[in-house]
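Trainee: Could you walk me through a structure and show me how to read its features? I would like the general idea each time, and then the case at hand.

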Amino acid sequence: MDASGVIAGHVEQRAPSRRRWRFAVAGFVLLAAALALPQLTTNQFHLHLANLMLLNAIFAVSLGLIASVGQISLGHAAFVAAGAYISALAAMNLKIPPIFGILIAGLVTGFAAVLLGKVLLRLRGVYFVLVTFLAGQVFTLVALNWESVTHGANGLVGIPAISLFGFPLATRLRFYYFALAAFVLVLTFVWALMRSQYGRAFRSIAENIRLAESSGIDVSHYQVVAFALGSGIAGATGAIMVHYIRFLSPDSFTFNDSVAYITMLVVGGRTGLIGGVLGALFLTPLPEFLRGFVGAQHIIYGVILLAVLLFLPNGLVSLGRFFVRRSGAETEASP
Amino acid sequence: MGYSILLAQAALNGLVIGAMYTLMAVGFTLTFGIMRVVNFAHGEFYMLGAFTGFFTYVCWDIPFVVCLLIAALIVGILGMLVERTLIQPFRADEMSGMIATLAISVIIQNGAVLLWGPQPRPMPDIVTGSLAIGPFSFSWSRLVVIAAAALIFALFWLFMQRTRLGRAMRAVAQDTETALIQGIRVNHVYPLAFGVSVALAALAGALMGPVFSVSPFVGATPMLKAFVVVILGGLGSVPGAVVGGLVLGMIESFTATIFGSLVSDILQLLLVILILLVRPSGLLGQREA
């Protein structure tokens, strides 16, 4: 294990450009596969699952952005729900096109997160987790009670689909390409952000908050930025999702969804960008694969979750690293 | 006159749910204080306690006190096994530990659905009739819950203060490494503490069985409330959980009587957020270093 780590480090040092090149090729191959994928199936349910996987992956990545400054939010679904409500209500009551509604939702939730973050981010560690949990609960209850606007538990029905230049994305196939574009956009944005000065500041805060503070890094500024960006992305994606599902109630995004996003992040791997994506791609379709085990599917889901935690403590990402290392060791040995 | 009766009724209801919240929250805060684990499966152990109480009471027709003991024992032992096998591997990692308890919760809840079906079962009252004091009348079934909860808590307090094991648990909660140096076997204390913690949840579940009904999903609400109580009282603080539980029960009962239950839920949460912002470590919690 240690030896392979040394070898991997060695390879990385010697040929960083080759590694980056390999990543770029892998990225393009994956993108091409993602573009071709829906042409291979006519099964509407599989397409639906693919759409949910993409959206969940964005949720997990946006939560990972907040986690990258060392804070875990247990109220992430509240921002998703807030974005969904903003865009849905704007489209239904003010006739604002969904595509603008999505932007408005992202901006409003991001701005709300700035205000909330300035207050809530004074709390750290477990206390931040707890207060975000409570804030999420308050949001669900308010959505349930504010019946004149949200229609309470009955929910909003008949939310319009996204329409691009008069071309409605009302089918699952069309929406797939929209979701894929959003996913690639978010992933690229977060990737670029993490490589910038901001990303370095985020990592130093996550690693040692006091050291970062005493090195002159404005910790609360960077934490608010990460919280606002993560929450804004979640809000915009919530809006995208609501124009796809086209129904919204206070039960659509709850505490359980917040927990689901954290689970995706932890199962996939907390460090780095890919973890959340892997977690979402693995966990979203998992209950469907287990559908054959009637009654026991949730139990098996729980068991698989436990097994991943027990045997892959660094998440599914470590599985990928394991294979990369092995292939690296092979090329090292073969010449 | 009508108001005073209403308020007295609200106070009694507040005490009943407060007692239940306290029992839940004490166990919850114990696992956090000692093991640094946020146990999301705590509500499922409440549910298991309710089912054990239900089956032993209805099928075997034995005194309810014995049912309570059986529920605490069975669920406590199960909790010890769960801790030893599934939670201990995550000791170094709070977040993975939290997700692991979540997975355990999913398994237990769906296991219960598989075994006993999803439909709620009404449980017969343990005692009937009511106590009349002047114009007020209080049903015995609720008074019994309060008395039993008080007794259970007194026993738990004695256990923590007087026995070697209780002292060992408190020592581990204060400082694990120093406790190790003193010769306390931390690896034995953890499962025992978890067992005691979930046994308290099971007792709460068995006690509340006759008040609410019994189904695989009854654990969710007490779990959320325990979460809120523990935040209110301070993570890891047992006195905080007691005070927080009773305060939350009272607030919930009175605001529900005056404003209705949905508004009451929002008010509770806002109050707790306010407290958390002013005093991050809760009402009686201690500031972390």
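Trainee: Where is A:Arg246 placed?

Mentor: Helices (H or I, at least four residues) and strands (E, at least two) are DSSP runs, numbered from the N terminus. A:Arg246 lies in the loop between α11 (219–245) and β4 (247–248) of chain A. Its phi is near 65°, a positive value in a residue other than glycine. A word on the source: this is a predicted model, where local features need pLDDT of at least 70, side-chain atom pairs count only at pLDDT 80 or more, and totals for chains, interfaces and linings use all residues. Residues are numbered from 1 along each chain as its sequence is written, while chains are lettered from A and ligands numbered from 1 in the order in which they are written.

Trainee: Why does A:Arg246 count as partly exposed?

Mentor: A residue is buried if 20 or more other C-beta atoms lie within 10 Å of its own, exposed if 12 or fewer, and partly exposed in between, with C-beta atoms placed from the backbone. A:Arg246 has 15 C-beta neighbours inside 10 Å, so it counts as partly exposed.

Trainee: And A:Lys95, buried or exposed?

Mentor: Exposed, because A:Lys95 has 8 other C-beta atoms within 10 Å. This residue is found in the loop between α4 (76–93) and α5 (98–120) of chain A, and has a positive phi of about 60° although it is not a glycine.

Trainee: How do strands β1 and β2 of chain B pair?

Mentor: Pairing requires that DSSP finds at least two bridges between two strands. Here β1 (residues 130–133) and β2 (residues 136–139) of chain B pair in the antiparallel sense over 4 bridges. B:Ser130 has B:Ser139 in β2(B) as its bridge partner. The two strands form a hairpin with 2 residues between them, and B:Gly134 in the turn has a positive phi of about 60°.

Trainee: Which residues does B:Leu203 touch?

Mentor: Not counting residues up to four places away in sequence, B:Leu203 touches B:Leu23, B:Gly49, B:Leu68, B:Ala71, B:Ala72 and B:Ile152.

Technical notes. Contact = placed C-beta atoms within 7 Å.
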